[in-house]
Amino acid sequence: MVNAYSAGSLSTVRKRSASSGVFLIAALAIYVVVLAVWPLARLFYEALLPGRGGELLGVLLAQWRAPAAQAALINTIEASALATLVSVTIGVIVAFLLALTDIRGKAALTFIALLPLLVPSQITALAWIELTSSSVLAPLGLAPAPGTTNPLYSKWGIVLVMGIEHSTLVFLAVRAGLRNLPRDLIEAARLGGAHPLRVARSVIVPLALPAILAGAALAFVTSIGNFGIPALLGIPGRYTMLTTLIYQHLQGFGPRVLGEVAALALGLGALAVAGLLLRAIAVRGFAIEPGSAPLEPFRLGRARMVVAVLLWIMLIIIAVMPLIALLAASLSPALGVPLRFDTATLANYRFALLEQDATIRAFANSFLLAFTTAVVSASVALPLAYLATMRQNRIARALDAVADAPYAVPGTVLAIAIILVFLPPLPLLQVSLYGTIGIILVAYLARFLALVLRPTMAAMGLVNKSLDEAAQIAGASVLMRLRAVILPSVAPSVVAGALLIFMTAFNELTVSALLWSTGRETLGVVVFSLHYEGNSPAAAAVAAISVAVTLALAMIATTFRLPEGVVPWRA
Amino acid sequence: MASVSLEGVSKRFGATRAVENVSLTVADGEFFALLGPSGCGKTTLLRLVAGFEAPDAGTVRLANEVVSLSGWALPPEERRIGMVFQSYALWPNMSVAENVAFSLRVRRVASDERKRRVATALAMVGLEAMAKRRPHELSGGQRQRVALARCLAMRPAIVLLDEPLANLDVHLREAMQQEFARFHREIGATFIYVTHDQAEAMALANRVVVMNDGRVEQAAAPQALYREPATEMVARFVGHGMVVPVEIIGREGPRMLVDLWGVRIAVRGEGDAGECRSLCLHAENLVLTSQTTSAIQGRVVASAYQGAATVLTIQPNAANAPQLRVEHASAPPAVGASVAVAVRDGWIIRNTA
């Protein structure tokens, strides 16, 4: 009989298992560094280069001295701050009503409140344009007079649409904060003699304040980085924000202005980082004791019906009406022709799906990009999360932290960083990714890894470590354990994260607007260009299809059994 | 003044009957304990008294005024009840002093009066020096004291305590028990104390109600609960009682003669000759004896040294007999040895299942 414990065999086994672990961590490190760290570092380097005359920070200073850049910076801060006010107002009202009261139909209301989260911002903007344009509002007598410009093409249009789009972020943050409130704290206040409104003022609001501030900071950062809304509403309204300024710069002059654009992007990125720091400070908040039973809803009593009706009306106007307008526009025969049963037509869908080559290509491109990004990111997230949580590997934990960066910075900043790195021909291969679909894929892989890494890390944290150790004692290798023990227990979260990536990437515009080339269009780009070419009905048709795909995927993800918070739109 | 009375109170949650037809009266100034295993409905009963839940049926009266009827409850903020929560429920956004002052501020007590009462309450729990601290800067025992001070500052006529010691270390528990007893003496309010720990309930309360499956099993003074349990559940739950089957033979002076596995023994209780009933025994009622007649024959199956005594587990020779626990002070017999056990005392359970 062979003795398994002889010195020779034991050391071989140890060597083999150690080397597969080292190989895994090295591969993950290369992946994350190449996609996340290097491009962003390169952006810094490029933006901080000396000017032509060799003066310190010449590029950066030259760019930011330009009045256009300063105006765009002021516009960005102004519109984002105002939009954040709108987001906080809507998000806080909805979160308080849904989380704290006994209002009827919470599940349905929550789904509607989170609809803007599922609709990409360029489509939201398009839907609002359709809603306020004459063809939809004309029958109601509410349309702006023919010949006048749509009032949405302005600062206030951007503020309104962006505020609504990002209200979901405030809603989710505040709801999570309110859910963590222990019931005892509220009951203790009531026994102390405080009426519900006094309890809200003295206990609930102060305790929810960190969550409100965190949600507001997130809404602000997201507004700063938003491209779809200022592109569709701000460019025609001559209200330029940083994202649209960078876009117009690069469109107008091409890659030779990359250095200057990088300087603008660095400013945009710095603004976002400032917002995120604010959020990090806000979430620290108070140490709330992990609590007793969940909150008991406050009874609205006689007002219950009225409050429910008012909330329904508000949510339908801000979340459902624009989508109906979009659908109506996609069925209308031509711009400005009123939609009736006898004029409704599917011609726009036929045009988009069967006739126009660019659109057909875009569907294929976006599907391929979204699918590949989802599958690759999920396969990277699983071992990375495993090493970071179950094995407490320090390198893996560091990689997990930096993997957030490409998602945290505005998409425009990431796109510029990716161009900087991947415009020159790749070493060894001597081909450039620029002008191919490859550069979009690289950017998506960098940007969306965090979307699957977060839920995977959360799920992994709930898995008992001894499951892995038992498999290890049974003799299973790292890859074997990942497949046979770890994956089965975290699969729902990994798949939900992958679906989230697919939904986001399928409709993505900000990054692909800067990276696309003819023949390599994405759906987001096509919606954008169809609208600019004046073919709004066709743009609406493409948008309607992609919204339908997103909603269907959201429904699928809802059916999984997941840890709380993985699919945010679930009540 | 501030008695608490419940009359036929029932509360369901969906299909679960949390509280089932409970009637109880807690006298003014009494220290009353609600005792039972987890899920027996004691916390729901407390929440019905506080007004967080409205009963499905029955009436709750505080100081002879109706505060809850089926489907209706006076809101908790209008009941002037103090409560100490298991989680302490200190508001993390307020300092210790602000926590204690909250109910006074809500009730618009004048500023200087408020300051005086907060200082008095904090002095009573020995935390004057901690007034400016935040709750998260305090230890578990200190938080418990703040919760108590907050409750005292509002001068309630009724104080509810929901497993207040469950989150504390064993050595802190004893100290806090003495504090609770002292406060009860000093402020003279009615205390209703929920716990699953029978020793805690017996040590603190004037009267204990044992609950099981939403119903009251027995409400009595601790001594009566221990010596004269009304049901088998109470016998087993309080003081680790053993329950054995007996047949009543007849009366002998103040005591009753019963037959236990063919052995005649004299115990307390009532009953008619020929009746089959359950008998409650405690470990200290049993002694090893050298007699062979009128003693239960058995074998030692386990022995656990506990310092002052050794607890012996004895399997009687009679068929289907449950094991007995005997506290033995001198050198114990070896495991496996045959022994004889004499029964010195026992209680015939009235409501034999």
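Chain B has eight helices and 21 strands. Helices (H or I, at least four residues) and strands (E, at least two) are DSSP runs, numbered from the N terminus. This is a predicted model, in which local features need pLDDT of at least 70, side-chain atom pairs count only at pLDDT 80 or more, and totals for chains, interfaces and linings use all residues. Residues are numbered from 1 along each chain as its sequence is written, while chains are lettered from A and ligands numbered from 1 in the order in which they are written.

Start with chain B as a whole. Its C-alpha trace spans about 80 × 45 × 40 Å along the principal axes. Of its 353 residues, 42% count as buried. Buried means that 20 or more other C-beta atoms, placed from the backbone, lie within 10 Å of the residue's own. Now take contacts, where two residues have C-beta atoms, placed from the backbone, within 7 Å. Among those in chain B between residues at least 6 apart in sequence, 63% join residues at least 24 apart.

Next, find strand E7 of chain B, residues 81–84. In a regular strand the side chains alternate between the two faces of the sheet. Here B:Ile81 and B:Met83 point one way, and B:Gly82 and B:Val84 point the other way. All are buried. E7(B) pairs with strand E8 of chain B, residues 158–162, in the parallel sense over four bridges. Pairing requires at least two bridges found by DSSP. B:Ile81 has B:Ile158 as its bridge partner in E8(B).

Now turn to two helices of chain B, H4 (residues 140–153) and H5 (residues 170–187). Their axes come within 11 Å and cross at roughly 10 degrees. Axes are lines fitted to C-alpha atoms, for helices over the stretch in contact, and angles run from 0 to 180 degrees between N-to-C directions. H4(B) and H5(B) are therefore roughly parallel to each other, a term for angles under 35 degrees. Which residues meet? B:Gly141, B:Gln144, B:Leu148 and B:Leu152 in H4(B) meet B:Leu172, B:Met176, B:Phe183 and B:Ile187 in H5(B). By class, this contact has six nonpolar, two polar and no charged residues. Ala, Val, Leu, Ile, Met, Phe, Trp, Tyr, Cys and Pro count as nonpolar, Asp, Glu, Lys and Arg as charged, and the others, Gly among them, as polar.

Finally, look between the chains. 22 residues of chain A are in contact with 19 residues of chain B. On the side of chain A that touches chain B, helix H9 (183–191) and helix H10 (196–225) are the elements that give two or more residues. H9(A) gives the most, with seven residues.

Conventions. A residue is buried if 20 or more other C-beta atoms lie within 10 Å of its own, exposed if 12 or fewer, and partly exposed in between; C-beta atoms are placed from the backbone. Angles under 35 degrees count as roughly parallel, over 145 as roughly antiparallel, 65 to 115 as roughly perpendicular and the rest as oblique.
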